[in-house]
Each structure stands twice: as structure tokens, then as C-alpha cells.
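Subject: Structure for you to look at

Hello,

Here is the structure I promised to pass on. Please open it first, then read my notes beside it.

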Amino acid sequence: MPNKMSKGFYIGGYITGFVLSTILFIIAYVAVLFSVSQHPNDPPLMALGLMGIAMLPLLLCVVVYCMFIYRMWAAIQDGQARMTPGKAVGFMFIPFFNLYWIFPVFQGFAQDYNKYIARRQLNLPRLDEQLFLFYPISILCTIIPFLGGLIALVSVVLLILIIVKTCDAVNALATARQAPMTMPNAAG
């Protein structure tokens, strides 16, 4: 597995799935409204089928999201990280528990990354733990009536920022690991 993480892949994959799904849901919603207005007594089966198809690009979002979580946790595995990459991803699929688990996955990663670079005495920028805390909070706040949609957009922006910061941090780790250790010149 390569050590570098691609910002373009994770942001592009997530945004592509999100945008395609949104467009398809709008088309499906209009189709449902049209079907119901034209045939009020018939169930809008075709339009509901379109809703199912609109969910397919969301699968792309989920896959890219899981790959991102796995790769970020894989980068700091030295026996002292609070979780394995598989555990980070796997526990996100446990209903209701994932509402809690998103906090250790994101804020916990920032904390563990910062501890990792301190242990290794790497001269790398620390991750902003507050940013990695705000994202899970924003995800939970999407359930607020009327504001949930706006907060969901904020969550997407926060996720993009986290992807950028995480990819930069993991890529810096890969570079720092490859940098040769030099011995100071003996004055003589």
C-alpha cells in the first residue's frame, strides 16, 4: 500500500458521489410529483425506482469515506494508536454506536497523530484537534429541524478541510520516514 494519500481522489470521489446523488434525487422527486399528479390512484413505482438508483452514488461516498478513514489510521500504526484501521472503519457501521464512534475516529485521530509525531520527534505541523472535533459535532447537528440541511453543507466543507489536512499530514509522515538521518559533522 502506498504511503501517500491523494486529496484529489478523496475529495473528488466524495463530491462526485454527493453531487450525482443529489441530482438524481431531485430528478426522482420531480418524477414522483409528476407521476402522482398524472396518476393519483397508481403508485409511482418507476419514480420510486429512480429514488433507489439515486442512492447508488451514495455508495461511492461511503466507499471513499471508509477508504479515507482506513488510510489515515493506517498511517500512524506503531502499537500505540488507540485503534486499528479496521476497527476505525468497522465500528462506524454499528447503528447508534456510530454517533459516538465518529468522535474517537476523527478527533481521536488528530490527538493520536499529534502524539505520534511527538513520540517520533518529527518536526511536522500538528493537526488542529478542534477542527477534527467540529466535524463530528456538525454531523450530529444535521438532525436539527430546518437547519439540518444547512449544517450538512457545513459538514461537507469541514470534511473537505479534514481531508486536505489529513492528506497533507500523512504525506508529510511518508516524507519524514524516507528522509535519511544525518549525523552532525564533527568539528575538528
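This is a predicted model: local features need pLDDT of at least 70, side-chain atom pairs count only at pLDDT 80 or more; totals for chains, interfaces and linings use all residues.

Begin with helix H1, which covers residues 7-38. It has 32 residues. From first C-alpha to last it reaches 46 Å, close to the 46 Å expected at 1.5 Å a residue. Its buried residues are Tyr10, Gly13, Tyr14, Gly17, Ser21, Ala28, Val32 and Ser35.

Helix H3 runs over residues 56-74. Several residues of H3 are buried, among them Pro57, Cys61, Val64, Cys66 and Arg71. Tyr65, Phe68, Ile69, Met72 and Trp73 are also buried, and these five residues of H3 come up again below, in the contact with H5.

Leu58 touches Gly17, Ser21 and Phe25, leaving aside residues up to four places away in sequence. The C-alpha atoms of Leu58 and Gly17 are 5.5 Å apart, although 41 residues separate them along the chain. Gly17 and Ser21 are among the buried residues of H1. Leu58 has 32% relative accessibility, so it counts as partly exposed.

**H3 against H5**

How do the axes of H3 and H5 cross? They come within 11 Å, at roughly 35 degrees. The crossing is left-handed. On the H3 side, the contact is made by Tyr65, Phe68, Ile69, Met72 and Trp73. On the H5 side, the residues are Ile102, Pro104, Val105, Phe106, Gly108, Phe109 and Asp112. By class, the contact has 10 nonpolar, 1 polar and 1 charged residues.

**Aromatic pairs**

The model has 13 aromatic pairs. One of them is Trp73 with Phe109. This pair is edge-to-face, with 5.6 Å between the centres and 70 degrees between the planes. Trp73 is in H3 and Phe109 is in helix H5 (residues 97-119), so the pair ties together parts that are 36 residues apart in sequence. Trp73 has a relative accessible area of 0% and is buried. Phe109 is buried too, at 0% relative accessibility.

Phe97 and Trp101 make another pair. Is it stacked or edge-to-face? It is stacked, at 5.6 Å centre to centre and 25 degrees between the planes. Both residues sit in helix H5, 4 residues apart, so about one helical turn separates them. Phe97 is partly exposed, with a relative accessible area of 32%. Trp101 counts as buried, at 7% relative accessibility.

There is also an aromatic cluster, formed by Tyr14, Tyr65, Phe106 and Tyr135. Tyr14 is among the buried residues of H1.

**The loops**

Most residues other than glycine have a negative phi. Which residues go against that here? Phe96 has a positive phi, near 70 degrees. Its place is in the loop between helix H4 (85-90) and H5. Phe96 is exposed, with a relative accessible area of 70%.

Phe146 is also not a glycine, and has a positive phi of about 70 degrees. It lies in the loop between helix H6 (129-141) and helix H7 (148-178). Phe146 is exposed, at a relative accessible area of 86%.

Thr84 is in the loop between H3 and H4. It is partly exposed, with a relative accessible area of 41%. Its C-alpha atom is 6.7 Å from that of Trp73, and the two residues are 11 apart along the chain.

Asn41 is in the loop between H1 and helix H2 (45-54). Asn41 counts as exposed, at 74% relative accessibility. How far apart are Asn41 and Ser138 in space? Their C-alpha atoms are 41 Å apart, and the residues are 97 apart in sequence.

Best wishes

Conventions. Residues are numbered from 1 along each chain as its sequence is written. Side-chain values use heavy atoms; hydrogens and water are left out. Rings of Phe, Tyr and Trp (its six-membered ring) pair if their centres lie within 6.5 Å; planes under 30 degrees apart count as stacked, over 60 as edge-to-face and the rest as tilted. Helices (H or I, at least four residues) and strands (E, at least two) are DSSP runs, numbered from the N terminus. Buried means under 20% relative accessible area, exposed over 50%, partly exposed in between (1.4 Å probe, protein chains only). Axes are lines fitted to C-alpha atoms, for helices over the stretch in contact, and angles run from 0 to 180 degrees between N-to-C directions. A crossing is left-handed if the near helix is turned anticlockwise from the far one by less than a right angle, and right-handed if clockwise. Contact means heavy atoms within 4.5 Å. Ala, Val, Leu, Ile, Met, Phe, Trp, Tyr, Cys and Pro count as nonpolar, Asp, Glu, Lys and Arg as charged, and the others, Gly among them, as polar. The expected span of a helix is 1.5 Å times one less than its number of residues.
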